[in-house]
Amino acid sequence: KLKELNNGRLAMMAFAGISLQSAVTGNMSFPWTAHKQDLHRGPGLASGVAPATKGLASRSSATQLRAYKMSKAVPFLPLSPAFEGVVGGEDEGFDPMGFSYAFDIRWLREAELKHGRICMLATVGWIATDLGMRVSDNAAFQVSSIDAHLSMVKFGSMSQMLVWLGFAELFGFMAMIRMYQGKTDRAAGDFGLRALYPKDEAGQVQMQLKELRNGRLAMVAYGGIVTAAVLTGKPWPFFAVGESRPKTAGDRSTFCSGLQKAQARSSTAPRHAEKAEMERSQSLPFLPKPAGLKGLVGEEQGFDPLAFAETFDARWLREAELKHGRVCMVAAVGFAAQQFVTFPGFTPTPNANEAIYSAEPAGWAALLFLAGFIESTSYGGKLTMLDMFEGKRDPGNFEFGSGFLKGKSDKEVYDMKLKELNNGRLAMMAIGGMIHHNFVVQGPLFPLIPEGWTAPAAWVTPDGEPIQSFMSGFVNGTSGLISNNTFGTA
């Protein structure tokens, strides 16, 4: 079993690598280390990118297979041709996901430099704030780095900052558009700032490379700083310095304080409590038994895969389920009877799906008035889940037909409620199937397969002839597969 598990994990990684390698190189055959010249414009992601090396295949008949330059950062992947001429591109070539094949490398580098510059400033600003530096003595600024964002919003400075950043983004966007159109020789990320910029070309390349690498480091560093600050609740450098105050569940700067306390409490719980928490749902044994259904009829089935009972009041959910089930039980009977029974004053309509169009306006008005009257009077004006169960009313109990339960034991009453619940669930599925059936056959409910019916109107051949459905062919004893892979007459 362990070998199967480990081999399966290895296979999942291997298949992902195979798919990526095939897409990147355009070569669909193992081992992908060499690429035929005539396949370079094949179906791979690299089909629209100029080759990394030129003229290699034409130099010698012995070099019909042209090898890619391999990335230095990820040596088992080829270097993207888009990195040619880009600062830090050929020297590092880090693009394991192949983004440079799908997007303009100038746009990617612009975004990378912009995020790197912001993170370099953010890292310095975070550390400076934690060391006590403030731009003002105003009380609104005397907060931790974690709470600074909320304080800026309350103080009103965030909106002003967004306005100035918006101007910078607008001008940057205009510069990028002109760069893409070829109207300027602007490089990605170049905003014309030349302070402390070297004069010689080699020095400029080195400065650009340093900025790129420092920006990448800053993006990783800032993510680590925020994570460490939130998890520890301490200022930079995040380890104990002098006396540390105890954490409390209400400490806004300790993101996981409540979780830590919960884990501490659970670690001291007895073993039998852990087993109770791991009790499986009977209907979905791969999920734990929902705790929110405790005390409700049918809780033993444990069906709540989306954990609605943990978000909403379970009594309100059960009320809605019972109400929908009761309506669908009545609807299922009425849907079947529609073909044979018609109330006085109404137009006979065998296809119940068309009854909503043939019903008289007075009938609709009466139905809506009756439904609205029942809804508005059943709860005594209490229509929300916050107040509709005041007085300890059981979900779905409207004292209608409760006389039939008199004289019955608690077990018999429970069984009756469980039958109503299950029948209502079945009716909800049934009415959906009935409606769908009438749409498919474009006719009444009975017979289920009308005489001469072959397929829905949308299922036709290119010549306009209906394709025989599998079900009708099965009923007629003529079902089979025809040559064009559609169900038809054998």
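Axes here are lines fitted to C-alpha atoms, for helices over the stretch in contact, and angles run from 0 to 180 degrees between N-to-C directions. The model shown in every view is predicted.

**View 1. Helix α5 against helix α6.** Helix α5 spans residues 148–155. Its axis and that of α6 come within 5 Å and cross at roughly 90°. Angles of 65 to 115 degrees count as roughly perpendicular, so α5 and α6 are roughly perpendicular to each other. On the α5 side, the contact is made by H149, M152, V153 and F155. On the α6 side, S157, M158 and M161 take part. By class, this contact has five nonpolar residues, two polar and no charged ones.

**View 2. Helix α4 against helix α6.** Helix α6 covers residues 157–180. The axes of α4 and α6 come within 11 Å, with a crossing angle of roughly 155°. Angles over 145 degrees count as roughly antiparallel, which makes α4 roughly antiparallel to α6. The crossing is right-handed. From α4, the residues in contact are R106, W107, E110 and K114. From α6, they are E169, M176, M179 and Y180. The contact of α4 with α6 has four nonpolar and four charged residues, and no polar ones.

**View 3. Helix α4 against helix α7.** Helix α4 runs over residues 105–130, and helix α7 over residues 201–232. The two pack with their axes 7 Å apart, at an angle of about 50°. That angle makes α4 oblique to α7. The crossing of α4 past α7 is left-handed. Contacting residues in α4 include R109, E112, L113, H115, C119 and W126. Their counterparts in α7 include E211, L212, N214, R216, M219 and V226. The residues of the contact of α4 with α7 divide into 13 nonpolar, five polar and five charged.

**View 4. T123 at the α4 side of the α4 and α7 contact.** T123 lies in helix α4 and is one of the α4 residues that meet α7. Is T123 buried or exposed? Its relative accessibility is 14%. Buried means under 20%, so T123 counts as buried. Which residues does T123 touch, leaving aside neighbours within four places in sequence? The partners are A218, Y222 and I225. These three are among the α7 residues that meet α4.

**View 5. P75 in a loop.** P75 is found in the loop between β2 (65–66) and α2 (89–92). The relative accessible area of P75 is 55%. Exposed means over 50%, so P75 is exposed. P75 and E92 are 17 residues apart in sequence. In space, they are 9.8 Å apart, C-alpha to C-alpha.

View 6. Over residues 241–277, pLDDT stays under 50. The model has 28 contacts beyond four places in sequence for residues 241–277. Where pLDDT is low, the predicted coordinates should not be read in detail.

**View 7. The whole chain, for context.** The protein averages a pLDDT of 77, and 75% of the residues score at least 70. Its secondary structure comes to 14 helices and four strands. Of the 490 residues, 26% are buried. Among contacts between residues at least 6 apart in sequence, 42% join residues at least 24 apart.

Note on methods:
Residues are numbered from 1 along each chain as its sequence is written. This is a predicted model: local features need pLDDT of at least 70, side-chain atom pairs count only at pLDDT 80 or more; totals for chains, interfaces and linings use all residues. Side-chain values use heavy atoms; hydrogens and water are left out. pLDDT is the predictor's confidence in each residue, from 0 to 100. Contact means heavy atoms within 4.5 Å. Buried means under 20% relative accessible area, exposed over 50%, partly exposed in between (1.4 Å probe, protein chains only). Angles under 35 degrees count as roughly parallel, over 145 as roughly antiparallel, 65 to 115 as roughly perpendicular and the rest as oblique. A crossing is left-handed if the near helix is turned anticlockwise from the far one by less than a right angle, and right-handed if clockwise. Ala, Val, Leu, Ile, Met, Phe, Trp, Tyr, Cys and Pro count as nonpolar, Asp, Glu, Lys and Arg as charged, and the others, Gly among them, as polar.
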